[in-house]
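Me: I would like to learn how to read a structure like this one. Please take me through it step by step.

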Amino acid sequence: MAGSTEEMIRPGQGRGLLDVYDHRFLLKLLVRKEIKVRYRGSVLGLLWSYVKPLMQFLIYFVALGIFLNLQRGTPNYAIYLFAGIVLVNFFTESLGNATRSIVDNRDLIRKIYLPRELFPVATVWVSAAHFLPQLVVLIGACLIAGWTPTVVQLAAAILAFVLVSILATGLGLLFSAANVYFRDSENIVDMILMVVTWASPVLYVWTMVKDVMGSWYWLYQLNPMTVAVEIFHWAFWFPTLKDDQLELASMPPDLMTVWLPVAFLISIAVLFVGQLAFRRSAVHFAQEL
Amino acid sequence: MTARGHVAISCKKLRKQFVLRHTRSMKEAVVWLVKGRKGDLSKKFMALTDVSLEVKQGETVALLGLNGSGKSTLLKLISGVLQPDGGTVHTRGRVAGLIEVGAGFHHDLSGRDNVYLNGAILGMTEKQIDDMFDSIVEFSEIGEFIDTEVKFYSSGMYLRLAFSIAVHTDPEVFLIDEILAVGDEPFQRKCIAKIKELSEKGKTLFVVSHDLDLVSTVCERGILLEHGEVIMDGEVHEVVAELRSRTAA
């Protein structure tokens, strides 16, 4: 029997995110469970994933687009707005739920050994599942507005999504571990999430920031979320504009050649730090929860 | 058959200390740091002081002791949920804990979904669960209720399903914490028969229970823990007798 020849191992020694790959069947079940449970007992069910962002979009569109008249300077402002909102929603939902994931699953973590990375990673997948219907709405709106993207733009949008996933996973690992020791983390994350919508050009246009920051604009551009949102604009909003409207619109220089790689480097560094911090503290989760 | 003689679990000079933390807020921690770390932020408690033991493959061991003697802590160290502060634990082969059955259950999912979820949590692969599914349902006597949400189950049904999944996970080493008191008497007898069957198959069993009569029928060897130390290790009836005489005194 195989058991008698196997090496002795030390229990509870994880290999971090690599373990998640080995447990992908469990990951799949955890994600499916979350999706099933999210809208349990509700009549509209998954429809809520459409209704909520649409409501959010309407509020911003009426308040900013119409009352503050941002739509005058930005053609197709509705699409500009929604493209940014869906991506930021994905990020905020991932990070917010990932932060709570370890504490929420404390019953399991205290009793059974599992790679703990599964829980934050699963929440990012769940958020991706809720991102999909929003993406469908966005693409529908783009098509109505005469969307003609190039292959490069579509590939860039996928890269931007991957970028946000990496960033959310990294920060999620970091804050979910911190949340075990200090429940303050939840509030810190709530604050970060509040800032995120405004710290990237979701509601306004990047040139407004450049006018104010001048030669310090690169600081703003270091935020991976800013890069991701700009790429979404380039992929979804730009191709809906007509020739005369394109004069009003512009993308930050070197977006794909410099800023996308930089954003990836930053996000991967965040993921690395998050994983490191998570692994160091994960061995104590069971007794600290 | 598993050859006897190989070590399945080896604990060397295990020490585990718990921190009974008073504070859970960053504010207090910062204040404590600013004040020059005066006073102790936390109180410590030794759960295991110096535990060394070896369990061979195929052995059935009962871990005995009063409340607070460190039995559950030891099981958690072996399962990997906790990490020791000193000493080492080594295990061979897959270890599965029947520790508080149903920990991985989700009330809003059907019995079927929970079988898959819990099976995967306990380390089964998709194929293993597919193959075992009918057997799990049959053993649990849940029958047609398998597609009902678990929250509508009676507590007996709930425990039966959880136990049934756990015994079907087929690891080399079973850690069993106080779960032999499952369901009504016929089901309990069935569980005990199942556990005996596992031990005959050469599985290693490591059982924690306060039901002394029961463990002496299931296990061969007994280990008595007191205040985080092994004070006796021997034939189960002798150890049970020792524990009884200690508590009577």
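Reply: Chain A has a mean pLDDT of 88, and 98% of its residues reach 70 or more. This is a predicted model, in which local features need pLDDT of at least 70 and side-chain atom pairs count only at pLDDT 80 or more, while totals for chains, interfaces and linings use all residues. Residues are numbered from 1 along each chain as its sequence is written, and chains are lettered from A and ligands numbered from 1 in the order in which they are written.

Me: What is the mean pLDDT of chain B?

Reply: For chain B the mean is 83, with 88% of residues at 70 or more. Among its elements, strand 5 of chain B has the lowest mean (74), and helix 4 (residues 126–140) of chain B the highest (92). The model as a whole scores ipTM 0.82 and pTM 0.87.

Me: At what angle do helix 3 and helix 8 of chain A pack?

Reply: Axes are lines fitted to C-alpha atoms, for helices over the stretch in contact, and angles run from 0 to 180 degrees between N-to-C directions. Angles under 35 degrees count as roughly parallel, over 145 as roughly antiparallel, 65 to 115 as roughly perpendicular and the rest as oblique. Helix 3 (residues 24–38) of chain A and helix 8 (residues 118–144) of chain A pack at about 55°, with axes 9 Å apart. The two helices are therefore oblique to each other.

Me: Which residues make that contact?

Reply: Two residues are in contact if their C-beta atoms, placed from the backbone, lie within 7 Å. Helix 3 of chain A contributes residues including Leu26(A) and Glu34(A), and helix 8 of chain A residues including Trp125(A) and Ala129(A). By class the contact has 11 nonpolar residues, no polar and one charged. Ala, Val, Leu, Ile, Met, Phe, Trp, Tyr, Cys and Pro count as nonpolar, Asp, Glu, Lys and Arg as charged, and the others, Gly among them, as polar.

Me: How many bridges join strand 3 to strand 8 in chain B?

Reply: Two strands pair if DSSP finds at least two bridges between them. Strand 3 (residues 60–64) and strand 8 (residues 221–226) of chain B run parallel and are joined by four bridges, with Leu63(B) opposite Ile223(B). Strand 8 of chain B also pairs with strand 9 (residues 229–235) of chain B, in the antiparallel sense over six bridges. These last two strands form a hairpin with two residues between them, and His227(B) in the turn has a positive phi of about 45°.

Me: How many residues does each chain give to the contact between them?

Reply: Chain B gives 39 residues and chain A 29 residues. Strand 4 of chain B supplies the largest share of the chain B side, five residues. That side divides into 16 nonpolar, 16 polar and seven charged residues. Strand 4 of chain B also pairs with strand 1 (residues 8–9) of chain A, antiparallel over two bridges, and Ile9(A) stands opposite Thr91(B) there.

Definitions and conventions:
pLDDT = per-residue confidence, 0-100.
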